[in-house]
Amino acid sequence: MPKPEILDPQGQAIAGALGRLGFAGVASVRQGKHFELDVDDGVDDETLHKIAEAVLANPVIEDWTVRRA
Amino acid sequence: MTRVGVITFPGSLDDGDAARAVRYAGADAVPLWHADTDLRGVDAVVVPGGFSYGDYLRCGAIARFAPAMASVVEAAGRGMPVLGICNGFQILCEAGLLPGALVRNAGLHFVCRDQPLRVERNDTAWTSRYEQGAQIVVPLKSGEGRYVADASTRRELEAAGRVIFRYVDANPNGALGDIAGICSADRRIVGLMPHPEHAIDPLTGPSDHGLAVFTSVLDTLVGSGT
């Protein structure tokens, strides 16, 4: 997700569109990315965090979390 | 003759104009391929604009892992001048050669216009031929050109005189502090969103104001004896 202090004009545009479509009560929208990785059992959390930090996200502008499903 | 490399990635668009600008400036333009680690003995490198790897993931995020970029990072560490234009600027930021990041324009629209800029500093490898404070006009064409950085990075850039180009008149993309281009701490790596390589001859661009970027680096290289 874009860090809170980073202006997210795409999210703002979505929030504006929701209002125009009659969906009341949505104060704000933030747009981010979601990646699904199908990994072997041997891939540990540390590796997944490395993948997230080094490739999937840019820590300068984005916060990220890793979840196993 | 001074040799300036221009890297071509899959999706690069402006490598042709960048090479032409290098030749106009009086240097040999050496084509470099993204998949090669060999920089072919060049004295400086231009990372050109375009949409490397389709801008997949984030602009510049895949290109930074290209074999050629590993060589560029290594050579930049030894002081080789590097210029990143537009997508090239994004790649240099993703590669960690320059601080901050480029994100979607505040107005969401792709901006394509002849853009007035102020040259804030002429003490870099790529701006020595300009007069300090000179106002120039070069094309800007980008959808993700809004420069962002955290507050401490911005303070550091401003305090060290590392903001090199600033948008004048209206800010076209919401960039922090009207920042259009910055340089590295050693002042040999410069990245900017506008395109000096498209403004080297009034016949084919809005001005010839961009040519001095490419002649500047030749002065730098001759001056340092490389």
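I started at Arg20(A), which sits in helix H1 of chain A, a helix made of residues 9-20. The model I am reading is a predicted one.

**Arg20(A)**

Is Arg20(A) buried or exposed? I counted 7 other C-beta atoms within 10 Å, so Arg20(A) is exposed; the cut-off for that class is 12 or fewer. I then looked up Asp45(A), which is 25 residues from Arg20(A) in sequence. Between their C-alpha atoms I found 42 Å.

**Chain A as a whole**

I noted two helices and zero strands in chain A. The C-alpha trace of chain A spans about 50 × 25 × 15 Å along its principal axes. For 69 residues, a compact globule would have a radius of gyration near 11 Å, but I have 16 Å for chain A. I looked up burial next: 7% of the 69 residues of chain A count as buried.

How is chain A divided? I have domain 1 as residues 1-32 and domain 2 as residues 35-69. The centres of these two domains of chain A, taken over C-alpha atoms, are 25 Å apart. Among the contacts in chain A with a separation of 6 or more, 34% join residues 24 or more positions apart.

**Where chain A meets chain B**

I looked up how many residues each chain gives to the contact: eight come from chain A and 11 from chain B.

**Strands E1 and E2 of chain B**

I moved to chain B, where strand E1 (residues 3-8) and strand E2 (residues 28-33) run parallel and are joined by six bridges. For Thr8(B), I found Trp33(B) as the bridge partner in E2(B).

**Strand E11 of chain B**

Strand E11 of chain B covers residues 189-192. I checked which way its residues point: Ile189(B) and Gly191(B) go one way, Val190(B) and Leu192(B) the other, and all are buried.

Which strand pairs with E11(B) in the parallel sense? I found strand E4 of chain B, residues 82-85, with four bridges to E11(B). In this pairing, Val82(B) has Ile189(B) as its bridge partner.

I also looked at E10(B), which runs antiparallel to E11(B) and is joined to it by three bridges. Here Cys183(B) stands opposite Val190(B). E10(B) and E11(B) form a hairpin, and I noted five residues between them. In that turn, Arg187(B) has a positive phi of about 65°.

**Two further positive phi values**

Leu108(B) lies in the loop between strand E5 (101-103) and strand E6 (111-119) of chain B. I counted 12 C-beta neighbours inside 10 Å, so Leu108(B) counts as exposed.

Where is Asp169(B) found? I placed Asp169(B) in the loop between strand E9 (163-167) and strand E10 (179-183) of chain B. Asp169(B) is not a glycine either, and its phi is positive, about 65°. I found 10 other C-beta atoms within 10 Å, and therefore Asp169(B) is exposed.

Technical notes
Residues are numbered from 1 along each chain as its sequence is written. Chains are lettered from A and ligands numbered from 1 in the order in which they are written. This is a predicted model: local features need pLDDT of at least 70, side-chain atom pairs count only at pLDDT 80 or more; totals for chains, interfaces and linings use all residues. A residue is buried if 20 or more other C-beta atoms lie within 10 Å of its own, exposed if 12 or fewer, and partly exposed in between; C-beta atoms are placed from the backbone. Two residues are in contact if their C-beta atoms, placed from the backbone, lie within 7 Å. Two strands pair if DSSP finds at least two bridges between them. The radius of gyration is taken over C-alpha atoms; the globule rule is 2.2 Å times the number of residues to the power 0.38. Domain bounds come from an automatic or database domain assignment.
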